[in-house]
Amino acid sequence: RRVMMDCVLQRGSGGYLRGDGNADDGDGECDTFLAKALRNKHHSLRRVLHVQSISSWAPVCIGPYSQANVLRLSLVFLAGMIGLVPESMTLIEPPPSSDVSGWEVQLYQSWRNAAAVLDGLDDGGGKLEDCLGGLVYFSAVALESVASKNAAEEGGDFPWNKLWSAARCICDDALATNAGVVMGSVDGTAAAKPPNDADPALYDEDGVLYGGYEDEETWREMSGDAATSPSLSSHASENPRVPLLMVCLPELPAHAQAEVELVCASRRAAACLSVGTGSLVRTLVPCRDRSKSASPLDGGILWDTGYDHASPPAERDRSGGASTCIQISSVARYVGLGCACVSTTIASWKPGAGSQGDVDSFDFDMEGVLSKMIDSSIDNARGEGELGSLFTIGDVLNVRVYYKVASVSRVENNGGGSPSLSVRVEMVDDGSMLRTQLYSVLRSKSSQYRSTANIDGDEGSADIPAYTVVPVLGMHLRHEEETSTEETGMPLMAMQVSLTDAIRTETEMWARHDRRYEYDN
């Protein structure tokens, strides 16, 4: 069993959290960086939220971690949230008479838990609409559930599109309504507001929010109107367009079927800086012949791990060109101009012109694709009206790469009761070569940046961003521009890149917090 863990270090934050707020620890030897951080009364170096006991608002931590880490009062890194019911610390189950699957209710509960943790943060809490980028995980059990429902319709193929489509609807509703969590409800500061023209459907005839219940979902259920929710339709047009990377893994913690992990702007940052989503940008990387790393598509990508594999000749289209290429799609969501951003990028295999779509193997330059994905993530990290990105490789906090690594096939279970379907997973690669190539690309780009920017440092040091490589069964980039599989291609690898310029962010927040300017919209 492997455990995924990536680490982003904030220098001095441990001493900062343990300190009493004084720049000098008493012996006159306080670290210079820590001393400067302690003198900064405008922005805390780091804050954490850790639920230590059973409560009614958020699950207890099931491991040695914090539910939220807030860096410089601007960026919020939420731990992965699964569908635990806070009061019982058990996974939520669908009603017995309902057709809703377990992964669906767990996914929505995960969003509710994330919204509750954001609301419990200091300095105004937070909302799901402040999310800059998210990861939505599904286990193989969720895929089995969707496959069983569509067994007769789908035949031998797994209904990936149905999984992504159903998940998209749930995520859209959660983002549009803050998963039913009212800001201020965690600490009891939410005021019962009178009905207003903006959203009168949230109040009963006496003007009481949610009819006096804790959230809209409970109110609808208790009033017998759970099937129709006026506020959901009224909020449908207010979706904050948060890019979400959906991935399927063999297993999730605590046998969960769904999990949500978010990177958000703090409410303080979102209130004084602009938050927006850029356009989806697509580029093509031509394939080229190689003597290694042949990849059967139905078995995932077989990365070059040092062994010799037979490599069939690349298919050619009728015009004589290469029949396949890699399409890279990238979208970024930002807070402030050049302050912080999360870029989500996906690389897909796409047949070229004249191809019949039955090509089952291809060759491409892996380092070239990784390099192009990183370049796209940085270049597209800009807001509306910006001519170019203000970020560089030096502003990258961490890089996560998800790659298709396994063959997934159906297994029909006909013995003992009603027939059912299960997923059989065959892992074909450990990703060792991919990790080496990613390290090589990051180091090359970092060295080039340091040389161009005349940054002093040890020439032999590996000054590169943190990175993690994760094997998955399948993936999908959720964006408002949903297109067919024929247009987007078959997803092979995805990347999430977090970027921030801490100095610029702190300066912008200091200049704009609780201030209004004539040139602001």
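Student: Is tyrosine 439 buried, exposed or partly exposed?

Tutor: The model is a predicted one. The relative accessibility of tyrosine 439 is 28%. Buried requires under 20% and exposed over 50%, so tyrosine 439 counts as partly exposed.

Student: Which class of pair do tyrosine 439 and tyrosine 467 form, and what is the angle between the planes?

Tutor: The ring centres of tyrosine 439 and tyrosine 467 are 6.5 Å apart. Planes under 30 degrees apart count as stacked and those over 60 as edge-to-face, the rest being tilted. The pair of tyrosine 439 and tyrosine 467 is therefore tilted, with an angle of 50 degrees.

Student: How many residues apart in sequence are the parts that this pair of tyrosine 439 and tyrosine 467 ties together?

Tutor: Tyrosine 439 belongs to helix H11, residues 432-452, and tyrosine 467 to strand E17, residues 466-472. The pair therefore ties together parts whose separation in sequence is 28 residues.

Student: Is tyrosine 402, which pairs with tyrosine 137, buried or exposed?

Tutor: Tyrosine 137 and tyrosine 402 form a tilted pair, at 6.4 Å between centres and 55 degrees between planes. This pair links strand E7 with strand E14, at 265 residues apart. Tyrosine 137 has a relative accessible area of 3%. For tyrosine 402 the value is 0%, under the 20% cut-off, so tyrosine 402 is buried.

Student: Which residues do ring pairs link into a cluster?

Tutor: The structure holds five aromatic pairs. The cluster that ring pairs link consists of Trp103, Phe138, Trp160 and Trp164.

Methods
Residues are numbered from 1 along each chain as its sequence is written. This is a predicted model: local features need pLDDT of at least 70, side-chain atom pairs count only at pLDDT 80 or more; totals for chains, interfaces and linings use all residues. Side-chain values use heavy atoms; hydrogens and water are left out. Rings of Phe, Tyr and Trp (its six-membered ring) pair if their centres lie within 6.5 Å; planes under 30 degrees apart count as stacked, over 60 as edge-to-face and the rest as tilted. Helices (H or I, at least four residues) and strands (E, at least two) are DSSP runs, numbered from the N terminus. Buried means under 20% relative accessible area, exposed over 50%, partly exposed in between (1.4 Å probe, protein chains only).
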